[in-house]
Amino acid sequence: LEHLANFTIKTFANMSSAVEFANNLRGKRRTPETEILQKLVSAELSRLARKYSTLSAEEAEAELADETRKNADILMSNLHNVPMHRSEVTLSDIYSETEALVTIALSPLLSPLENAQQYYTKYNKLKRAQILLVEQLTKCQEEMAYLESIDTALKFTHTAPEALEIRQELIAAGYIKEISKKHAALPQAKPLSTTSDGFTIIIGKNNRQNDLVTFKQAQADDLWFHTKDIPGSHVILRTEQQKATDQAIFNAAMCAAYFSKAKNSTTVPVDYTKRRYVKKPSGAKPGFVIYEKQTTLYITPDENIVKQLLEHK
C-alpha cells in the first residue's frame, strides 16, 4: 500500500484508547441522527418564529384598547349629538384640554347607544387579549430560547451517544414521540475536560451535561462560566478552593464563548461567578439557570486555542 507511505502509524495500549482517538478524528463530521434532530429543531424554531410574529401583531392591535374605550366614552357623553344611520361622526374630545375634535367610525345599522356599547365590548375584549398575549409571547420566547439551546448543542454533537442524549431530552419535552424499540445500549456521553495552569476545566456540550457539570460535578467555590444571554455550554473551572489564575479564567471563558451560538462572533460577553451563586428555578427546563454576582469578560472565540486546550488533557 504505497499510498500510505507518508502516514503516521500510531499504537494504543487498549481498544478504548483507539476508539477515543478515532472519535476525535471525526472532527466536525455529524451523525445521521444529529442531522435529523437538527432539521426537527429548525422546523420547530421556524414555526415558533411565525407564531411570535402573529402574536406580536395581535398585541399591537390590543394596544388600541385605551383608544377604543376613549371613543366609547366620547359617544356616551354626546349621544344627543350623534345622528342616526351615519358611518362616522366628529365630536369634541372630552379628554382634550383644548377641546379638539375627534372622528369616530360608526355602524350605520346601530343606534348611537348601541355603537357606544359596541366600543365598550371591544375594549373589554382587547384588555383581556392584552393579558393573554403577554403570557403567550413570554411562553413563546421561553420555548424559542430553549430550542435555540438545543440547536446550539447539536452544532457541537458528533457522536451517537451525544445525539441520543439530545433525542431523549426532546422526547421528555414532548417534541418527539418515543418509539418502544430495543436498541443496543450506547455508552453515556461525557462532558469535555481539559486543564489550564493546573486547574481543571469541564465543559457541558448539551443541556443534560450542563446540568450535570453545574449541579453534580462542580463545588460551591468553583467558577461557573456562560455566555451572557446567548445559548451555550456551562463551563466549570475547578478551583479546589484556590485562587484561579488569570490565564485559567481566560481559557475557561474562551471555552464558554467557543461552545456557544456566538462561536463565530467577536467580543462575545461571557459571565462568570462562583457556582454557589448559580440556581435552577423549580420546574425550569434542562440547562436553564439563574445567577448573580457575576463578572463579564469579552472574548473573541479562537478555535486554535480551544483545540490546543482540548489536546492538553
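This is a predicted model: local features need pLDDT of at least 70, side-chain atom pairs count only at pLDDT 80 or more; totals for chains, interfaces and linings use all residues.
Next, select Cys255. Its relative accessibility is 0%, so Cys255 is buried as well. While the cysteines are on screen, how many disulfides does the count come to? The count is zero.

Now zoom out to the whole protein. Of the 313 residues, 38% are buried. The exposed surface comes to about 19,000 Å², with carbon and sulfur atoms supplying 52% of it. If you draw the contacts between residues at least 6 apart in sequence, 65% of them join residues at least 24 apart.

Back inside, go to the largest nonpolar core, a set of 27 residues. Select Phe225, Val235 and Leu237 there, as these have the most contacts inside the core. Then colour the elements that give it two or more residues: strands S4 (199–203), S5 (223–227), S6 (235–238) and S7 (268–274), along with helices H7 (246–258) and H8 (303–311). Which of them gives the largest share of this core? That is H7, with nine residues.

Stay here and centre on Val235. Beyond its neighbours within four places in sequence, Val235 touches Ile201, Ile202 and Ile203, then Leu223, Trp224 and Phe225, and finally Ala252, Cys255 and Ala256.

For the last stop, select Leu48, Ile150, Leu154 and Ile166. These belong to a second, separate core of 22 residues.

Terms used
Residues are numbered from 1 along each chain as its sequence is written. Side-chain values use heavy atoms; hydrogens and water are left out. Buried means under 20% relative accessible area, exposed over 50%, partly exposed in between (1.4 Å probe, protein chains only). Contact means heavy atoms within 4.5 Å. Accessible areas come from the Shrake-Rupley method with a 1.4 Å probe; for residues, only the protein chains shown count as cover. A nonpolar core is a set of buried Ala, Val, Leu, Ile, Met, Phe, Trp, Tyr and Cys residues joined through side-chain atoms within 4.5 Å. Helices (H or I, at least four residues) and strands (E, at least two) are DSSP runs, numbered from the N terminus. A disulfide is a pair of cysteine sulfur atoms within 2.5 Å.
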